[in-house]
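Let's take a walk through a protein model together. Have a look at the sequence and the 3D view, and then we'll go through some of the features one by one.

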Amino acid sequence: MAAMFEQFTIVTDPVGGSVAVSAVFASLPLLTLFVLLGVLRMRAWLAGLISLGVALIVAVAVYAMPAGQALLSASEGAAFGFFPILWIVINAIWVYNLTVVSGHFDVLRRSMERISPDTRIQAIIVAFCFGALLEALAGFGTPVAVTVVMLMALGFRPLQAAAVALIANTAPVAFGALATPIVTLGTVTSGAAADPRLTTETLGAMVGRQTPILAVVVPLVLVAVVDGRRGVRQTWPVALVAGLTFGVGQFVASNFVSVPLTDIIAALVSAAAVVLLLRKWRPAESPDLHTGAADPERTEAGRVTAGPADEAGEPGTTREAAAAGTTREAAAPGPARDAPVEVLRAYAPYLIIIAIFSVANLAPVKKALAAEPWTVIFAWPGLDVLGANGKPLSSVNFTFGWLPAAGTLMIVAGILTAVVLRIRPGAAVRAYGRTYVELRHAIVTVMAVLALAYVLNQSGQTATLGALFATAGGVFVFLSSILGWIGVAVTGSDTSANALFGALQVQTAANTGLDPVLLAAANSSGGVLGKMISPQNLAIAASAVGMAGREGDIFRRVVGWSLVLLLFMCVLVTLQATPVLDWMVPR
């Protein structure tokens, strides 16, 4: 029994002293996950559990990790998956659900419809600005599910609405759900290399020097998707203003204000800038792009369905469709006028969140909350793992910041939101319970994937793959974004991709003389471009527009943009590794 829990030291070449042969076994858990999700289309929570089982077998049978240590490693990963990761997501989506319960989500939607009657500009406001706000608050498929239905209600064709929603859901993803992917990245990389910069704050700052450049391009892509070259020619001022202000907001917030607040600030700044511009400027022409009754897209998907949660375990479209309205025809007469006080209440939850997080991130407050009893750091009971250098892994220590955690702050925001929106305590509590039910599959999925990541990292499997990738030398800097893109395309989550590949990127950087902060950030920034082609997001978009089973049609609409933007990110990251742009990397 004692042997099950004896100390374990990581070895990167357990099979015949060969890194290459060992890497074959180390890759089995990830290959299992990719095949189950990408080829067999298995439900994500089940694929995650099976892949975790494979990782445990490889850890014990190939890497000689004591079974007890392997199970303890998985338990720590699962615990981290729930707190702080799911703790953020669950409570953020609860706040969103409160706006649905009170009816203020509809008020918010109508206020956006009134800003401009131009379809191309509506794509920017709804899919880009408001979609980013939803990504900031909830993430995990919610922005696509909600914005695609809103676009349908505004008269967009089904495939067009799906493509616009998916493409728009790129730039904000890295900082989604209050920067959950960055928090995860900071945790899994902190012990992977001896670099004090591998923290949530520094990694967030680096990502904030990559994705804002992408954000400038995305609105221009959206108007091109809606109306081709004419759309770009006639609406480029508003597209450029939306992208530039969002990018500047992302950069400033991630580098100088608060990493968790990055997307909220960027989205609100961008939306405000668009509104102000439209008071002074309108496109010379606003063509009617809703015509074409014989369009096969419109006849086949003449309604928007409120389907069940998708198979991947991400939030489905039931509550989103109900919130945003289930038919295009319902919005035909034009948006109703809401009282100014109700519009203010509709925006109140986001203003409350900004206020709470701003206070929590003030230096004296942040320092106080990082100390006991508000934050407790302890060694995971029984887990005793040494790195290849013979020193204990920092990841065996668990940080339980029960009060300063973003999820806890979201509960405070939710309580204040309930008061402002005049929601009775009983209704708020019931909405909270429903949120757990809606996310039950996502909860299992995230906990399984984080458990998998911890086993891979603490058994040495990630280190083996890192040693293998190091043979690519300097070329790997170009490939690093592609690795993140593959991870998100398969798992559907930037959080999961960072958990799986974050440590691998850092270890490869250390072995090749590249900057670990740059490569870790590239994993997240490149990953956001895989979001639009992930099976999970495609399923959400297809079910939301009433075209379940035609995910392939949507995929063909967006895959070209995904690849073009990925190439752009690969080139940017490569230049940031050279004297041309290396000044952009935090030192």
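Predicted model: local features only at pLDDT ≥ 70, side-chain atom pairs only at ≥ 80, totals over all residues.

Now, who does K366 pair up with? The side chain of K366 meets that of E201 in a salt bridge, with 3.5 Å from N to O. K366 sits in helix α16 and E201 in helix α10, so this pair ties together parts that are 165 residues apart in sequence. E201 is partly exposed as well, because its relative accessible area is 43%.

Both partners also turn up at the largest pocket, which has a volume of about 1,200 Å³. Of the 44 residues lining that pocket, the closest to its centre are V183, T200, E201, K366 and T399. Several elements give two or more residues to the lining, among them α10 (200-207), α16 (363-369) and β4 (397-400). What kinds of residues make up this lining? There are 25 nonpolar, 15 polar and four charged ones.

Back to salt bridges. Side chains of opposite charge can pair when their charged atoms come close. A search of the whole structure finds ten salt bridges. One of them joins the side chains of R110 and D338, at 2.9 Å from N to O. This pair links distant parts of the chain: R110 is in helix α5, D338 is in the loop between α14 and α15, and they are 228 residues apart. Are R110 and D338 buried or exposed? Both are buried.

For a local pairing, go to helix α15. There, E342 and R345 meet in a salt bridge of 2.6 Å, N to O. They are three residues apart in the helix, so about one helical turn separates them. E342 is partly exposed because its relative accessibility is 25%, while R345, at 13%, is buried. Salt bridges can also be chained up: D118, R120, D227 and R230 are linked in a network of them.

Last stop, the surface. V475, F478, L479, L567, V571, L575 and V580 make a nonpolar patch of about 550 Å². Helix α25 gives the most to this patch, with three residues. V571 lies in that helix, α25, and its relative accessibility is 37%, so V571 counts as partly exposed.

Notes:
Residues numbered from 1 in each chain as written. Heavy atoms only, no water. 1 Å grid on protein atoms, 1.4 Å probe; cavity = no way out; pocket = protein on both sides within 12 Å on 5 of 7 lines; lining within 4 Å. Points joined across faces, edges and corners; volume = space filled by probe spheres on them. Helix = DSSP H or I, 4+ residues; strand = E, 2+ residues; numbered from the N terminus. Nonpolar A, V, L, I, M, F, W, Y, C, P; charged D, E, K, R; others polar. Patch = residues over 30% accessible without salt bridge, like charges linked within 9 Å, V, L, I, M, F, W, Y side chains within 5 Å. Areas by Shrake-Rupley, 256 points an atom, 1.4 Å probe, with all protein chains shown as cover. Salt bridge = Lys/Arg side-chain N within 4 Å of Asp/Glu carboxyl O. Buried < 20%, exposed > 50% of the residue type's maximum accessible area, 1.4 Å probe, protein only.
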